[in-house]
There are 2 protein chains.
Amino acid sequence: MTAPLIERTVFIVSDSTGITAETFSHSVLSQFEQINFQQIRIPFIDSAEKALEAANRINRCAQEQGQPPLVFSTLVEPEISLPIRESNCTFLDLFGTFVQHIEIALGMKSSHTVGRSHMGGKSKQYNSRIEAINFSLAHDDGQFIHGLKQADVILVGVSRCGKTPTSLYLAMQYAIKAANFPLIPEDFDRGSLPATLAPFRQKLFGLSIQAARLAEVRHERRPNSEYASIKQCRHEIAAAERLMRMENIPWLSTTTRSIEEISTKVLEEVGLNRRTY
Amino acid sequence: MTAPLIERTVFIVSDSTGITAETFSHSVLSQFEQINFQQIRIPFIDSAEKALEAANRINRCAQEQGQPPLVFSTLVEPEISLPIRESNCTFLDLFGTFVQHIEIALGMKSSHTVGRSHMGGKSKQYNSRIEAINFSLAHDDGQFIHGLKQADVILVGVSRCGKTPTSLYLAMQYAIKAANFPLIPEDFDRGSLPATLAPFRQKLFGLSIQAARLAEVRHERRPNSEYASIKQCRHEIAAAERLMRMENIPWLSTTTRSIEEISTKVLEEVGLNRRTY
């Protein structure tokens, strides 16, 4: 693939953090691979004054570049979005576009209050995310075994196969208490799960990885060690996969998957994603 | 506020994880507070066969509930989205709705290839996120000071004011190497920053918190301790804020802000969010 030649500027305008709009715009714009998008996030636009200032920035950009930028907006209050909508841009109204359809489908009006001060008092759901992050940190790498019965899921696998980032992502995104526990050479010699984990078999989910990739990751941490050798990696992975098959632990390979993809699979497999239909 | 009385089912259908669509739908649907939405995510719909199965689930739901569910879709390939689009639902085509406008604005066709196998080889950007997570973990709570010069930002503040979850969020979402360092009573007695931090003043960002909230959080960790007493919390917070003002460190209160909001403010303040216009 050759480098993209065309540059375009994209503004993300939100009355809150703009993270939803930014994630969304990344996904949509990834369908235009020839273009190198420069994203500018303008968060916390919660007054007509700030909206005017944002509109000025957009107009300045349009003038300098000689073409109107794309603007992804999640503003919902009409008097705030108006100056942006009227600026020199291609205006993409992320929420407004759908809210009308949804109002018709549900037979009711929306409250037009996205984002703004929704953290005024921290919600129960928010607190449970923070609690899950603390839990996952405390139960990283098998370091604190007494809370395992509170875990929603316990990830197992060889050292450096991706357990820690996945645990943290599950906690942060889904408020899931995800512990993780390493499978180590002495487990393989013994040929059974660590005794600590036996009572929690239903919560276990395994991660594996290709040997070449594992060796690469381990080399970064401990260059030229026995631990990072391809021979050792192959041996540990084969033994871990054998153990997981024997113990009927669902598992997947992390080699070509992102933490988002791994987490989604974990949710499906351990039944944390309710399947009513 | 009384409990919502109306229940509606929402399907999130994606050829990848569905996380973008889920986040987006949460935001849009939060404008309909009277309704209790039950969200069902159907990820990895990457074949006509899986799409048909998903359409069947949607139809089953519509029939049992006597009303069509909402469906948020990020499917881009027409032959995959067709069965869903034709099922008994209110179909909300998240990407398709905007792609046409964007094609016109950019004067080119999209490649219609969102999501699918974009992690085939792990991208440089992805690897830097994982690296940032590892960095933030290694540099949590001032535990490893030698890598601080690699940090993009160093969060400072009293114990339990929100530094750790914010550091991890910055790393996970933005590949930002965020270290964090506690301000402790002996720093306040001395009346200056820890010497370790002196060379990195430009990277410091402070977090503070209301005393009552801090006491609550600390009580959860160490009930009825001196550490958790309102008196101690008040003293530490006042001293920390004095120190940050004296040292010209930008700071904010975490009390009513989510980690997303705090992270967004940090990005703005430390100039990690490029402001070209």
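In strand β7 of chain A, A:F205 stands opposite A:L155. Strands β5 (residues 153-157) and β7 (residues 204-208) of chain A pair in the parallel sense over three bridges, where pairing requires at least two DSSP bridges. Strands (E, at least two residues) and helices (H or I, at least four residues) are DSSP runs numbered from the N terminus. This is a predicted model, in which local features need pLDDT of at least 70, side-chain atom pairs count only at pLDDT 80 or more, and totals for chains, interfaces and linings use all residues. Residues are numbered from 1 along each chain as its sequence is written, chains are lettered from A and ligands numbered from 1 in the order written, and side-chain values use heavy atoms, without hydrogens and water.

**Sheet of chain A**
- The open sheet has four strands in the order β6-β5-β7-β8, with parallel pairing.
- Its edge strands, β6 (178-182) and β8 (251-253), each pair on one side only.

**Helices α5 and α6 of chain A**
- The axes of α5 (residues 124-138) and α6 (residues 163-174) come within 7 Å and cross at roughly 165°; axes are lines fitted to C-alpha atoms, for helices over the stretch in contact, with angles from 0 to 180 degrees between N-to-C directions.
- The two helices are therefore roughly antiparallel (angles over 145 degrees).

**Relation of the chains**

Conventions:
Angles under 35 degrees count as roughly parallel, over 145 as roughly antiparallel, 65 to 115 as roughly perpendicular and the rest as oblique.
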